[in-house]
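Hello,

Here is the structure I promised to hand over. My notes follow below it.

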Amino acid sequence: MAQGGKRKTEAGCLRPGFEDRACPLCGADRPESLWQGRFDDPDVAGHLAAFHYSGFSPLSLTGESFRLCRCGDCGMTYHRRVLNAAGLLRLYGQWADAAQARRFEEAHRQAGPDETARDARRRLRLVLRLLAIAGSQRGRGAGVPGVLDYGAGAGGTMVAATALGCRVVGVEPSATRPQDATGRGAVIYPDLAALEQAGEPPFDAVVLDQVLEHLPDPLPVLHRIAALTRPGGALFLAVPDCRGSTVPQGFDQFHRVQPLEHLNAFTPDTLDRIARAAGFRPVRPPPAFLGTRLAEAIRAAGAVLWQPRTTDRFYRLDRT
Ligand SMILES: [Zn+2]
């Protein structure tokens, strides 16, 4: 199935490879096309340019095609043709570095002190809700709660969890992005395999904030996350809300199903189904009350990328 790899373009840069895949939710291969095209189509290339990738040459993708599909068996919407493992490593290791995040932020969001403080409060409330979900199942004397942020990005959620007294562990492939959090004592692994080998104790709460849509094979990752989570532990999943996705009109819609990065176009329904398939049951988010002093204390948590409207869901790992 894998194609490409070592071809050279006219620009002389090594060409990233693409490969086809089956439905990431049910594994069937009965795709019904919703939107297809090539990376050098003018509107596609124009939207991709607005992501301000570092060291990215559109020439390296000339002639490559993408295809957004709906699964004929289960209804999941997904990109059938995606960057292969080496291509994804290049995307997240080089093209989407800290400088790209800064440029993207400057271009698409009016970041300011108010926004930074709001984001810090949002992350504190998120961790408080997760601890409340997990806490209802924790025994007496359970000790310091462990929080895993898979795809930690700039590390804002790790900073919030650290401020709330948790043991905090992150997974983040970009070496340049989460420096803020590592400076405050959080532990960051470059990938899931490194975390699994480290033998960390099971986590009470796990966060995948704007992560699952990026993964070419999300269900096995959720199974591995479940194996790292204490029974009764809490999970937070946030992804772009892709209800009604078809041929995108404008940048916001393009962003949701961006064919390099947003490989899985979840809806609340398909998000719940993939979580359930890994043993997580949807739960209502409990209330979280927050004073302003703590939020102000961590308002330097770092920038957060502007994201389209999201599907935010809480889950609990069923006991087995
Ligand atoms: Zn399917």
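Start with Phe66. At 2% relative accessibility, Phe66 counts as buried (buried means under 20% relative accessible area, exposed over 50%, partly exposed in between, with a 1.4 Å probe and protein chains only).

Some ground rules. This is a predicted model, in which local features need pLDDT of at least 70 and side-chain atom pairs count only at pLDDT 80 or more, while totals for chains, interfaces and linings use all residues. Residues are numbered from 1 along each chain as its sequence is written, and side-chain values use heavy atoms, with hydrogens and water left out.

**Aromatic rings**

Phe66 pairs with Phe39. Rings of Phe, Tyr and Trp (its six-membered ring) pair if their centres lie within 6.5 Å; planes under 30 degrees apart are stacked, over 60 edge-to-face, the rest tilted. The whole structure holds twelve aromatic pairs. For Phe39 and Phe66 the centres are 5.5 Å apart and the planes stand at 65 degrees, so this pair is edge-to-face. It links distant parts of the chain: Phe39 sits in the loop between β2 and α1 (42-49), Phe66 in strand β3, 27 residues apart. Helices (H or I, at least four residues) and strands (E, at least two) are DSSP runs, numbered from the N terminus. Phe39 is buried too, at 3% relative accessible area. Ring pairs also build a cluster; its members include Phe39, Phe66, Trp35, Trp95 and Tyr53.

**The sheet**

Strand β3 belongs to an open, antiparallel sheet of four strands, ordered β2-β3-β4-β11. Its edges are β2 (31-38) and β11 (264-265), each pairing on one side only. Two strands pair if DSSP finds at least two bridges between them. Three bridges join β3 (residues 65-71) to β4 (residues 77-79). Cys69 stands opposite Tyr78 in β4.

**The zinc site**

Which residues coordinate the zinc ion? The donors are Cys23 (SG), Cys26 (SG), Cys71 (SG) and Cys74 (SG), at 2.3 Å. Donors are N, O and S atoms within 2.8 Å of the metal (3.2 Å for Na, K and Ca); water is not among the atoms, so sites may look incomplete. In sequence the spacing is C-x2-C-x44-C-x2-C. The donor angles run from 103 to 113 degrees, which makes the arrangement tetrahedral (four donors, all angles between 85 and 135 degrees). Cys71 is buried at 3% relative accessibility. Cys74 is buried at 16%.

**Overall**

The protein has eleven helices and 13 strands. Of its 320 residues, 51% are buried.

Best wishes

Definitions and conventions. Four donors count as tetrahedral if all angles lie between 85 and 135 degrees; four count as square planar and six as octahedral if opposite donors are over 155 degrees apart and all others between 65 and 115; anything else is irregular.
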